[in-house]
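Hello,

Here is the structure I promised to pass on to you. Please open it first, and then read on for what turned up in it.

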Amino acid sequence: AQFAFLRGLDPSGDALRYLALARTAFAFSGGQLLERFLIDGYMSGSLMMDVTTPINPLAFIMARSFAGMLVSAAATLPGVLVAALLLGGMPRVSLQGAALYAVSLIFVWMASTGIALISSAIGAALKQGEAAVQLRVFITQLASGALIPVYLYPDWVQRVIRVLPFVHLADTSVAIALGASVSSMYPQIIWSAALLGIGIALWRRRLARLEVYGG
């Protein structure tokens, strides 16, 4: 329905082709499943049972993030592909653009994992798990271009969005696939490393002590 609506607004199909790439990139984030696992597990105490094993706790969390990404991609990509094929919106991407797009998806996953670790740490601290998840989903979808192409926003909104990290969950990958220079990936790399580092630091500190429903 969303693809058909954009097709009606933009008969050229540019918005639809953008969205096909954007939603595909966003599907490789999968942070929502990781957030719920961490928040629910931490508040109930079950997370401590999972991480007190010979496996490194942070490696275990990263594995859960990777599994969440696979689930998200498997649930999203078939619908995107079918909608794009039915409406004639499959983007034409060069071999180099496709290769760079695939590389950018790695940084999409890293950035999304970092954001999920940060938002889940906040949710666990405030005992507001579902609120943290829903707020993160709302902000990232709107600001990444996965819901509405970024270039359709007013100019002042675009300027604000492009200085935030969320744009690197979709819009940057689309630009790279459609022929932008490799240098446009540099901010994505920097943001993904920074967000992941902050998220790991927060959870390294939080896992140092058990706190179940304030106890």
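The crossing of helices α6 and α10 is left-handed. This is a predicted model, so please read everything below with that in mind. Helix α6 covers residues 95–126 and helix α10 covers residues 186–206; they pack at an angle of about 35°, and their axes lie 8 Å apart. Where α6 meets α10, the contact is made up of 17 nonpolar residues, 7 polar ones and 1 charged one.

Leu147, Ile148, Tyr151 and Leu152 together make a nonpolar patch of about 320 Å². One of these residues, Tyr151, sits in the loop that runs between α7 (129–144) and α8 (155–161). Tyr151 counts as partly exposed because its relative accessibility is 38%, which falls between the cut-offs of 20% for buried and 50% for exposed.

Is Phe166 buried or exposed? With a relative accessible area of 18%, Phe166 is buried, since the cut-off is under 20%. Along the chain, Phe166 and Gln188 are 22 residues apart, and 9.6 Å separates their C-alpha atoms.

Finally, go to helix α2 (residues 14–27), where you will find Ala20. Ala20 has 5% relative accessibility and therefore counts as buried. Its C-alpha atom is 8.6 Å from that of Ala83, a residue 63 positions away along the chain.

Happy exploring, and do write back with any questions!

Best wishes

Terms used: Residues are numbered from 1 along each chain as its sequence is written. This is a predicted model: local features need pLDDT of at least 70, side-chain atom pairs count only at pLDDT 80 or more; totals for chains, interfaces and linings use all residues. Side-chain values use heavy atoms; hydrogens and water are left out. Axes are lines fitted to C-alpha atoms, for helices over the stretch in contact, and angles run from 0 to 180 degrees between N-to-C directions. Helices (H or I, at least four residues) and strands (E, at least two) are DSSP runs, numbered from the N terminus. A crossing is left-handed if the near helix is turned anticlockwise from the far one by less than a right angle, and right-handed if clockwise. Ala, Val, Leu, Ile, Met, Phe, Trp, Tyr, Cys and Pro count as nonpolar, Asp, Glu, Lys and Arg as charged, and the others, Gly among them, as polar. Patches are made of residues with over 30% relative accessible area and no salt bridge: like charges are joined within 9 Å, nonpolar side chains (Val, Leu, Ile, Met, Phe, Trp, Tyr) within 5 Å. Accessible areas come from the Shrake-Rupley method with a 1.4 Å probe; for residues, only the protein chains shown count as cover. A salt bridge is a side-chain nitrogen of Lys or Arg within 4 Å of a carboxyl oxygen of Asp or Glu. Buried means under 20% relative accessible area, exposed over 50%, partly exposed in between (1.4 Å probe, protein chains only).
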